[in-house]
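Here are some friendly notes to read alongside the structure. Take them one at a time, and keep the 3D view open as you go.

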There are 2 protein chains.
Amino acid sequence: MNMNLPRSSILVLAANAGFFAIVSASAQVPFSLTSFTPSEREAYLAAEKTLLESPNTDRLRETHTTLAQETHVAGTPADARTVERVATMFREAGLEVQIHDIWPLLSTPISASVAVVTPEYLKLDLTERPLKEDPYSAVNNLTWNAYSASGQVTAPVVYANYGTKADFAALAARGVDCKGKVILARYGGNYRGYKVKFAQEAGAAALLIFTDPADSGYTKGLTYPEGSFSNDCCVQRGSILTLPYQGDPLTPGVEAVEKAPRQDESTVALPKIPVQPISYAAAKEILSRMTGPGVPDGWQGGLPFAYRLTGGDALQVRVEVEQKREIKRTANVIATLPGSEFPDELVILGAHHDAWNHGAADPLCGTITVIEAARGFAALAKQGVRPKRTLVFAAWAAEEFGIIGSTEWVEANRDKLSGHAVAYINLDMASMGTDFGASATPSLRAVIADAAGVVPQPGVDNSSVLASWSSKSPDPRMPGFPAMGDIGGGSDHVAFLCFAGVPSAGFGSGGSKGNSYHSSYDTLIWYWKTVGGDYQSAQLVTRMAAATASRLANAPIAPLDPGAYGAVAAAKISQLSPEDAFAATAQGEAVRAAWSAWWFRVNQDASALTHDARAKATQSLLAADRLWMDERGLPDRPWYKNTFSSPDEDSGYAAWTLPKLCRAAERGDPKAKQEAVADILERLSRLAELPK
Amino acid sequence: MNMNLPRSSILVLAANAGFFAIVSASAQVPFSLTSFTPSEREAYLAAEKTLLESPNTDRLRETHTTLAQETHVAGTPADARTVERVATMFREAGLEVQIHDIWPLLSTPISASVAVVTPEYLKLDLTERPLKEDPYSAVNNLTWNAYSASGQVTAPVVYANYGTKADFAALAARGVDCKGKVILARYGGNYRGYKVKFAQEAGAAALLIFTDPADSGYTKGLTYPEGSFSNDCCVQRGSILTLPYQGDPLTPGVEAVEKAPRQDESTVALPKIPVQPISYAAAKEILSRMTGPGVPDGWQGGLPFAYRLTGGDALQVRVEVEQKREIKRTANVIATLPGSEFPDELVILGAHHDAWNHGAADPLCGTITVIEAARGFAALAKQGVRPKRTLVFAAWAAEEFGIIGSTEWVEANRDKLSGHAVAYINLDMASMGTDFGASATPSLRAVIADAAGVVPQPGVDNSSVLASWSSKSPDPRMPGFPAMGDIGGGSDHVAFLCFAGVPSAGFGSGGSKGNSYHSSYDTLIWYWKTVGGDYQSAQLVTRMAAATASRLANAPIAPLDPGAYGAVAAAKISQLSPEDAFAATAQGEAVRAAWSAWWFRVNQDASALTHDARAKATQSLLAADRLWMDERGLPDRPWYKNTFSSPDEDSGYAAWTLPKLCRAAERGDPKAKQEAVADILERLSRLAELPK
């Protein structure tokens with residue numbers, strides 16, 4: 001008997017041995033290899049071995065050094081040079097390359113100034129100090145939050161902690177009026193765009209967002225350049241869009257080609273107040289002059305005095321921001337390796353190429369793993385070993401402004417992706433240490449764990465990433481399996497996952513200690529000091545990306561595990577709607593059992609399956625992922641069409657698994673909750689009936 | 001049927017209703033009133049009502065203002081004046097007063113200086129700034145740690161976090177050598193004496209102990225005088241003795257009379273290195289100049305830079321301390337109200353009178369409640385209502401130096417106390433808010449809860465301290481009963497509890513936010529700002545002390561509940577030696593059941609009991625508490641003779657309940673653990689057989 005069951009199913013079956021006591025020696029074949037015939041499997045494993053040997057640390061370092069040589073904000077000449085550099089690398093590897101031009105609305109900083117005006121005049125320094133230890137830091141880049149409104153405000157000050165919904169509610173409850181004030185909020189606790197949104201809703205006139213030393217400065221350790229944590233002049237840049245869609249602000253749902261029909265900018269909810277990020281040295285000059293009442297528990301930061309809610313009338317701060325919003329050209333770089341057997345089926349690896357500054361960490365330590373993985377596959381192809389499915393390697397444009405490049409590409413190619421793309425794997429800023437982790441659509445988790453089983457863990461003899469990962473971070477429901485996070489927003493997988501319904505994952509390997517996020521110190525010097533110059537991390541991540549993509553691209557039937565949706569959905573319903581736990585668990589178990597039986601059946605005699613039968617099986621699997629799509633979209637967010645996964649609506653930080661249920665629970669709306677549960681149970685029921 | 005059972009027993013019986021389903025209306029009579037005949041009870045409650053009405057907030061404020069008018073360190077002329085002031089207050093209330101002179105070894109500060117010597121010279125300011133908002137702060141008292149060695153050291157610096165045993169072990173593990181160094185340790189985490197002990201053991205040449213803003217400065221809220229938390233120049237004074245006994249260092253176990261035989265000072269383990277407390281402004285000057293490696297997790301404090309383990313060789317700090325150790329006179333003030341029926345049986349209330357500075361909070365907000373309670377009892381006595389047992393009101397000397405006054409008095413009176421003192425209640429720094437709390441010997445917990453049932457909770461209509469306390473801090477084992485802490489070291493109950501075996505409790509009412517502990521800012525102005533000028537807290541505590549003492553002094557049989565030892569011992573054994581949980585629980589239950597039955601029997605017809613039978617019953621109860629005493633003392637600490645309660649040996653912070661077991665567990669010594677459990681089980685077995 002050939003036990004060709006998904007790994008997760010095998011483990012669940014073993015755990016539920018009272019119901020299905022199925023155990024055999026052949027259960028040792030990892031799930032992602034079960035649809036191969038024995039001879040195919042042998043050939044595949046030989047090629048995979050070559051692929052895993054290919055990522056080269058010297059070459060990774062060289063690629064990194066080339067791409068991080070200059071600051072390259074989207075839409076600038078350096079951005080165009082970066083596009084060419086990436087394209088050249090893909091071409092030199094031997095891949096077909098498309099430069100995919102787009103024309104989104106971007107913003108450009110013109111000037112900014114912040115000053116204490118009364119009781120004494122003090123202009124604050126908004127620049128980041130060049131360091132003799134780090135020549136890359138000598139660029140004197142402007143500090144800014146993209147898409148800030150332009151304007152000038154002089155007003156008293158209110159401190160709003162992290163500027164979350166709860167923080168503004170606490171201010172209101174204490175009678176602190178934000179109307180017409182300059183709000184000072186620290187980074188952390190939510191996506192910065194929501195600080196702007198809530199400040200605007202509270203009537204604020206301007207917003208300063210600062211890095212507090214309690215969150216990422218000296219309280220965490222020695223600061224850059226002696227250590228790796230934020231020094232006193234370090235500033236976090238970043239976009240502050242909070243639109244109900246991703247991508248170009250003016251072309252929701254369609255590609256931002258040069259002549260695209262565009263929304264009128266005045267009808268789009270772009271930020272309406274001046275917003276400026278500042279360092280903790282600058283924030284200190286304001287916070288230390290405040291005279292109002294003390295702060296609630298949890299609001300005190302790491303500056304050396306008691307924080308206060310208000311500055312008092314004597315303290316006036318001026319904020320002046322000038323930015324230009326304009327349509328600019330930028331481009332995705334798309335490299336393709338056509339599949340030999342199922343060329344319409346796609347496996348896509350991607351990371352963005354744009355950065356706020358040099359971007360050694362964000363994004364390039366991930367981008368280089370996409371390029372290095374592409375080189376490995378291309379080299380194999382030159383030896384005649386082409387993937388069965390088409391591999392796409394993408395370097396996305398303008399992610400930092402609002403996940404723009406990848407979104408425009410998905411919007412342009414939705415029909416080709418939906419129902420044909422087997423997986424998208426995102427590698428943004430992916431190599432920050434050797435503690436590997438991933439968040440993923442449930443159907444992708446089994447193949448990712450399988451890949452981790454064949455990638456060595458650096459520094460540990462005869463050990464795999466899987467062993468290290470699952471011991472540091474075990475899945476509480478499946479012993480021996482690593483915990484994978486739910487996937488939500490925040491990077492280039494969003495359009496794939498939420499707009500096109502492509503099974504998606506985000507890879508990231510962490511463990512290094514420090515912070516240079518979106519600052520001028522995100523340089524090669526900082527990266528080598530913090531993560532290391534040996535590129536062990538990037539090599540590990542390249543291997544993980546290559547192994548996962550290779551199994552996805554080469555398995556006769558795409559190794560997706562829709563049965564895993566059952567347990568994830570049941571757990572979420574049990575958490576948010578305990579009264580439905582029994583029904584959800586039963587329905588979740590039915591989904592798992594149905595797909596286990598399906599896999600068992602189709603794999604029973606892999607060698608008897610024709611090419612078309614294999615293609616049809618993959619189509620069945622993809623239909624399961626697509627079953628969660630709803631063309632009407634989510635409530636108030638029609639662009640988001642995936643009812644299983646979305647970014648959350650209130651902080652931008654969390655992943656919402658089963659977003660309609662999450663929203664109803666968050667809003668305390670029992671009717672919406674009931675409807676959401678009914679919809680999920682109905683989809684689970686269809687998912688259990690789907691396998692034919 | 002008259003259900004005269006201890007409250008705790010009633011509740012346990014109710015909880016264990018399967019075993020003893022005894023419920024009746026008369027079970028509503030609180031435990032501490034069950035040994036009265038109905039007519040005695042009625043008369044008692046009328047008198048108690050008058051007593052509870054007596055504490056007067058204006059008089060409390062006046063007493064406080066008188067005693068906190070000047071700084072009055074033990075052994076100084078102001079100390080002698082304070083003794084006279086307290087004695088006068090007791091005399092004016094109409095009580096017999098004894099000035100109990102003692103001649104302990106005290107220490108006196110002569111001078112101290114701390115300076116950064118290299119790479120630049122900077123003398124640190126060791127003084128606390130006088131504040132125009134607080135005239136009492138203008139005294140410019142020296143900052144010092146009593147019993148420091150005298151000497152001068154210039155050496156490199158090591159930062160030792162809180163200076164706990166674990167912190168010094170962490171330094172050793174990182175290869176940081178403390179030999180010959182100036183150690184900088186922050187307050188908190190243990191009793192300051194242990195910082196000295198561990199620093200000496202690590203070979204340190206000197207120790208600076210500083211207040212870190214992360215622990216009690218601006219990170220907690222606004223600082224004094226605007227707020228109530230430690231400002232940048234605030235210094236915590238305090239003794240650094242860690243002798244294996246309390247009281248005068250030269251006369252362990254015996255009274256420190258003028259001509260007492262004394263130990264040779266050179267044979268007593270007094271501190272051998274210079275030790276000086278400093279402010280965070282001063283500490284900042286040293287810590288900010290350190291250049292060594294960063295600190296482990298949890299070691300970073302609230303100063304605005306990353307802390308480091310070592311200063312590096314370039315940083316040299318000089319510490320110079322001169323103190324004089326000499327035998328000085330000071331005195332306890334003992335006021336007595338003789339009992340009408342059982343004059344040999346004592347109920348004692350006490351708090352110390354000495355302070356490091358003005359001492360408005362520590363100790364006087366507790367001391368004034370002892371005096372105010374005495375006034376209430378004395379007023380009742382003038383109306384002919386004298387307590388059945390003798391009440392003693394004590395103001396202790398030189399607590400701050402090493403719990404000296406109370407210890408010398410107990411050492412002088414051990415035979416009169418042991419087996420005759422029904423209870424000692426300590427009220428050090430007791431009125432710091434209106435959230436009442438207590439730690440107590442198990443046998444006292446029932447009467448304390450009963451007292452809390454008749455004292456109103458300020459600001460809550462028709463509510464009692466019991467309702468407020470048990471809802472904020474419920475005993476997890478007994479619903480409706482407040483959690484009471486285990487009693488250990490740290491104040492004037494120690495000799496009563498650990499040397500004489502007197503059932504003891506410590507009362508304290510908290511909830512105010514701030515810190516002026518042992519600093520020049522512990523003044524009336526600080527207290528009024530922080531706790532309030534309305535003396536609601538002190539009135540509450542006086543009522544709690546009066547009600548508890550009154551029931552202890554007036555119940556025909558002393559309302560002690562030895563049965564409560566059973567559950568406390570069983571819980572402790574179950575926690576530290578789970579394999580003995582079954583035996584301990586059974587034995588604990590036997591103790592409870594035996595004493596419940598005993599109380600039931602003796603109270604069955606309270607009116608039939610003669611005076612002598614009542615006295616005999618009280619003797620039986622006291623024998624139960626005495627059963628935990630062991631004349632050989634605890635391992636390495638023969639002065640501590642109570643095997644149920646002691647201060648802990650490694651931090652001085654925690655109470656050790658069943659100290660031999662705690663020590664064995666702490667040391668990881670299975671043999672000692674086994675012996676300790678056997679000893680406890682044997683005592684529990686005797687305790688269950690004791691009631692006759």
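1. Let's begin with a sheet in chain B. Four strands make up this open sheet, in the order 3-2-11-5, and their pairing is antiparallel. Please keep in mind throughout that the model is predicted.

2. Strand 2 of chain B, residues 105-118, pairs with strand 3 of chain B in the antiparallel sense over two bridges. To find the place by eye, look for Ala115(B), which stands opposite Lys123(B) in strand 3 of chain B.

3. Chain B also has an open sheet of four strands in the order 6-7-8-10, and here the pairing is parallel. Strand 6 (157-159) and strand 10 (275-278) of chain B are at its edges with a single partner strand each, so one side of each has no neighbour in the sheet. From one strand to the next, the twist averages 25 degrees.

4. Within the parallel sheet, strand 7 (residues 182-186) and strand 8 (residues 206-210) of chain B pair over five bridges. Arg186(B) stands opposite Phe210(B) in strand 8 of chain B.

5. Which helices pack on this sheet? One is helix 6 of chain B (residues 192-201), which touches strand 7, strand 8 and strand 10 of chain B. The direction of helix 6 makes about 150 degrees with that of strand 8 of chain B. Helix 8 of chain B (residues 280-287) packs on the sheet too, touching strand 6, strand 7, strand 8 and strand 10 of chain B. The direction of helix 8 makes about 110 degrees with that of strand 10 of chain B.

6. Next comes the meeting of the two chains. The contact takes 14 residues from chain B and 15 residues from chain A. Between them the chains bury about 1100 Å², with 58% of it on carbon and sulfur atoms. On the chain B side, Tyr218(B), Leu222(B) and Pro304(B) lose the most area to chain A, together 40% of what that side buries.

7. How many salt bridges are there between chain B and chain A? The count is two. The side chains of Glu226(B) and Arg308(A) meet in a salt bridge, at 2.4 Å from N to O. By class, the side of chain B that touches chain A has six nonpolar, five polar and three charged residues.

Notes. Residues are numbered from 1 along each chain as its sequence is written. Chains are lettered from A and ligands numbered from 1 in the order in which they are written. This is a predicted model: local features need pLDDT of at least 70, side-chain atom pairs count only at pLDDT 80 or more; totals for chains, interfaces and linings use all residues. Side-chain values use heavy atoms; hydrogens and water are left out. Two strands pair if DSSP finds at least two bridges between them. Axes are lines fitted to C-alpha atoms, for helices over the stretch in contact, and angles run from 0 to 180 degrees between N-to-C directions. Contact means heavy atoms within 4.5 Å. Buried area is the accessible area (1.4 Å probe) that two parts lose on being put together, summed over both. A salt bridge is a side-chain nitrogen of Lys or Arg within 4 Å of a carboxyl oxygen of Asp or Glu. Ala, Val, Leu, Ile, Met, Phe, Trp, Tyr, Cys and Pro count as nonpolar, Asp, Glu, Lys and Arg as charged, and the others, Gly among them, as polar.
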